[in-house]
Amino acid sequence: MPEVTVTQFAEVLKVPVDRLLAQLDAAGISVAGAEDVISDDAKMELLTFLRRSHGRQEGSLEVAPRKITLQRRTSTELKLAGSQGRTRTVNVEIRRKRTYIKRESLEQEALAQQQEIDQRKKAAEDVLLEAERLEKDRLAKSQQEKEHQEAAAQKQIEEDAAKKLAEEEARIQKEAIARAEAEEKAAKEKDNQQKARQKGGRDKATRYGRKELHVAGDVNRRRKKRVRRRPVSVAGGGEHGFELPTVPVIKDVEIPESIPLSELAQKMAVKGNEVIKVMMNMGVMATINQVLDQDTATLVVEEMGHTARLISASDLENEIIAAATPAAGEEVARSPVVTIMGHVDHGKTSLLDYIRQTRVVDGEAGGITQHIGAYQVETKKGKITFLDTPGHAAFTAMRARGARTTDIVILVVAADDGVKPQTEEAILHARAAGVPLIVAVNKIDKEDADPDRVRNDLSAHEVVPEEWGGEQPFVNVSAITGEGIDDLLDTIVLQAEMLELKAVAEGPAAGVVIESSLEKGRGSVVTVLVTRGQMKQGDTVLAGEVTGRVRKMVDELGQTVKVAGPSTPVAVLGLSGIPNAGDDVLVLEDERKARELADFRHTRTREVKLANQQAAKLEDFFSQVKSAETKNVQLLVKADVHGSVEALRDALTGLSTDEVQVKVVSSGVGGITESDVNLAATSGAIIIGFNVRADGTARSAVKDTGVDIRYYSIIYEAIDEIKAAASGLLAPEIREEIVGLAEVREVFSSPKLGDIAGCLVTEGFVKRSNPIRVLRDNVVIFEGELESLRRFKDDVNEVKSGTECGIGVKNYTDVRPNDQIECYQRTEVKRTL
């Protein structure tokens with residue numbers, strides 16, 4: 001065979017020469033260098049060494065390696081914004097290396113480790129048992145000693161008590177004997193005196209045949225008054241014969257959130273006049289029928305020496321609900337409730353339209369959502385309930401309510417617009433509600449779409465994509481082409497499976513009010529999201545302060561629904577009023593209990609409102625005194641649904657400043673009625689109708705009263721117009737602008753005009769009609785106006801820079817050389833909110 005050098009052998013193996021030399025050295029094969037000849041035996045010896053080092057044994061080529069190392073490289077591109085609006089591309093290479101070890105060796109090592117751990121655990125248990133035994137012995141011994149000491153102490157106490165009792169009995173007996181002897185002695189003395197009187201008082205006859213009158217033989221010759229002594233009874237036990245005065249009774253007074261004064265007096269077992277007197281001493285005038293708030297009632301109770309115990313109205317409410325609600329049943333899986341949130345015009349409703357294959361966005365005024373829409377969609381992955389929330393800034397309460405009633409939040413961010421204020425607000429709402437977040441990067445079909453920029457912006461708000469090592473899944477979608485919609489639905493279903501959503505499917509239903517409105521011909525229409533149980537036609541429903549029977553239920557398509565289970569949104573007809581959005585909904589079997597609880601909630605709200613009004617009277621007084629300097633814009637708001645009323649009221653009152661106050665005198669759901677027009681005429685308010693109109697009687701009342709009614713269908717148009725109207729009431733801002741500066745060179749005296757300052761205009765111009773200031777050493781010493789302005793001998797109205805002139809200052813004669821005369825003008829600038 002031809003001889004093969006180390007270099008040639010390395011070329012055949014396709015490895016570096018240095019590495020081959022190192023392997024030969026490790027195998028114990030000595031070679032002089034790269035040009036040295038390597039024999040066949042040396043090759044076989046090297047092969048055996050390499051097999052052994054890679055986990056194989058000599059002669060067994062079928063044996064699996066002991067460990068395997070895998071290396072993987074992935075490359076991605078990241079676009080970053082650079083200077084001057086340019087973007088630069090950064091190549092990111094991720095290297096991963098994983099080593100897998102043979103299971104048999106690991107099992108042997110784990111078995112040995114487990115045996116060692118078991119031995120240590122057993123030894124530790126033995127030590128622990130021994131310590132417990134010693135501790136029990138010590139405790140038993142200490143307990144015996146303690147019992148012995150207690151028995152000895154108790155015996156000593158009993159002996160001392162018996163000794164004191166014997167002494168006390170002896171003393172009482174001695175006192176009783178002495179008292180009896182004294183009484184016996186007194187009785188004997190009394191008998192002796194009586195016998196002596198009888199003996200010495202016999203009738204003595206006088207010489208005239210009359211009997212002598214017996215009188216006392218004392219000096220005063222006065223008759224002694226006989227004193228009858230009452231017998232003194234000695235108590236058998238030696239106790240006094242009277243009782244101590246009774247201590248005042250301290251009562252525990254339960255105080256709800258509001259309580260009438262008469263009821264508070266009854267709970268303290270005092271008259272109402274006493275409570276009124278105490279409140280007058282505290283500086284509060286009150287009547288017997290006045291409703292007190294919880295804080296005031298607490299102060300009154302403590303002032304009268306009793307103990308106040310605050311109770312919440314929710315405690316009584318929970319007792320009634322618990323008594324009327326049956327026990328929970330078995331929980332079953334339910335469909336997820338998903339809320340779509342994001343900035344305005346980022347494509348939330350359009351994305352939902354593609355999933356539902358509808359065109360809801362075309363029906364919304366201005367192309368923006370102004371109500372919470374609840375829909376249940378049947379997809380290939382199962383049923384999913386969607387809540388579409390508005391993105392406009394005025395609908396903050398709606399978005400917060402949607403986040404609280406949901407399981408998953410989908411944050412829609414436009415790829416061409418990035419993160420906006422309502423996007424940040426939606427992130428905060430989702431975190432506050434503690435629900436998982438899925439980010440849908442929408443509008444990726446546009447040319448200027450930049451999904452990576454969206455990921456970078458959201459990472460700054462701690463919303464990190466999963467592919468970057470975060471927890472939030474990101475899905476690129478397009479509501480126009482439908483790209484990525486299936487991936488989004490898969491992500492929703494996967495997230496729902498991880499949450500393991502369950503609810504009780506049987507029994508009375510419970511839910512939450514999503515939206516409520518008043519429709520002509522249908523009455524109160526309440527959108528309810530059922531959270532547990534089954535809601536059926538004819539059920540007695542309690543929603544906040546409103547109750548009634550379910551007359552009809554319809555879904556988002558207008559179809560009648562007989563039974564609504566968990567995670568099902570339905571529109572309920574038949575309630576007696578319009579509940580607030582966000583109120584809890586309960587189905588109660590006892591209609592009387594439902595009406596009782598509704599009346600209780602209504603009374604509680606009314607009492608709290610009256611108590612707050614009473615407590616705010618003094619603040620109202622000061623605000624009225626202060627409002628003499630402020631201007632008011634009175635508004636009366638009516639809208640189609642409760643959520644819009646809430647959003648409009650909060651947004652309009654938020655326009656108030658220290659100078660202009662925007663007040664909503666009344667707000668409600670439904671059309672504009674005659675009573676609304678009369679209230680607006682009385683208070684001087686403007687009526688704001690949002691998606692509602694005035695009826696016939698209201699229009700006639702408008703013609704008589706001249707009340708201004710404004711109709712709107714887009715919320716930001718209403719806000720902008722009211723903002724402009726309030727800005728018109730602001731006083732203009734006065735700004736001063738320096739237009740010229742003249743330096744006094746010499747002062748001349750004129751017999752007609754007085755002192756005239758010879759000046760040189762150095763900056764701008766000096767105008768005769770503008771006000772001026774006189775400066776000396778850059779300090780203002782006079783402020784007034786010009787009396788005369790001359791150029792040579794001619795009166796002029798204006799002198800420009802670089803021109804000499806004569807200036808006469810009105811009502812000021814102390815102008816000196818080197819003074820400066822500053823000419824300025826005042827301008828009014830219109831202010832805005």
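Predicted model: local features only at pLDDT ≥ 70, side-chain atom pairs only at ≥ 80, totals over all residues.
Residues are numbered from 1 along each chain as its sequence is written, and side-chain values use heavy atoms, with hydrogens and water left out.

**View 1. The whole chain, with its secondary structure and confidence.** The protein chain has 19 helices and 36 strands. Helices (H or I, at least four residues) and strands (E, at least two) are DSSP runs, numbered from the N terminus. Of its 833 residues, 35% count as buried. Buried means under 20% relative accessible area, exposed over 50%, partly exposed in between (1.4 Å probe, protein chains only). Among contacts with a separation of 6 or more, 68% join residues 24 or more positions apart. Contact means heavy atoms within 4.5 Å. The average pLDDT, the predictor's confidence in each residue from 0 to 100, is 79. At least 70 is the score of 83% of the residues. Confidence is lowest in helix α15 (residues 617–626), with a mean of 49, and highest in strand β31 (residues 771–776), at 92. Residues 201–225 have pLDDT below 50; beyond near neighbours in sequence, this stretch has 12 contacts in the model. Residues 359–372 also stay under 50, and the model has 45 contacts for them beyond four places in sequence.

**View 2. The largest nonpolar core.** This core has 23 residues. A nonpolar core is a set of buried Ala, Val, Leu, Ile, Met, Phe, Trp, Tyr and Cys residues joined through side-chain atoms within 4.5 Å. L351, F386, I410, L488 and I492 have the most contacts inside the core. At least two residues each come from β10 (337–342), α9 (348–356), β11 (373–379), β12 (382–388), β13, β14 and α13 (485–499). Helix α13 gives the largest share, five residues. Beyond four places in sequence, L488 contacts L351, I410, I438, A440, V475 and V477.

**View 3. V338 in strand β10.** V338 lies in strand β10 and counts as buried because its relative accessibility is 0%. Leaving out residues up to four places away in sequence, V338 touches I384, T385, F386, L387, T406, I408, I410 and I492. I438 is 100 residues from V338 in sequence, with 10.0 Å between their C-alpha atoms.

**View 4. The buried side of helix α12.** P451, V454, R455 and L458 are the buried residues of α12 (residues 451–459). They lie on the same side of the helix because they cover an arc of only 100° around the axis. The arc is that of the directions from the helix axis to the C-beta atoms. These buried residues pack against β13 (408–414), α11 (421–433), β14 (437–442) and β15 (474–476).

**View 5. S478 in the loop between β15 and α13.** S478 sits in this loop and counts as buried because its relative accessibility is 0%. The side chains of S478 and D445 make a polar contact of 3.0 Å. A polar contact is a pair of N or O atoms within 3.5 Å; within protein, one must be able to donate a hydrogen and the other to accept it, and residues adjacent in sequence count only if both atoms are side-chain atoms.
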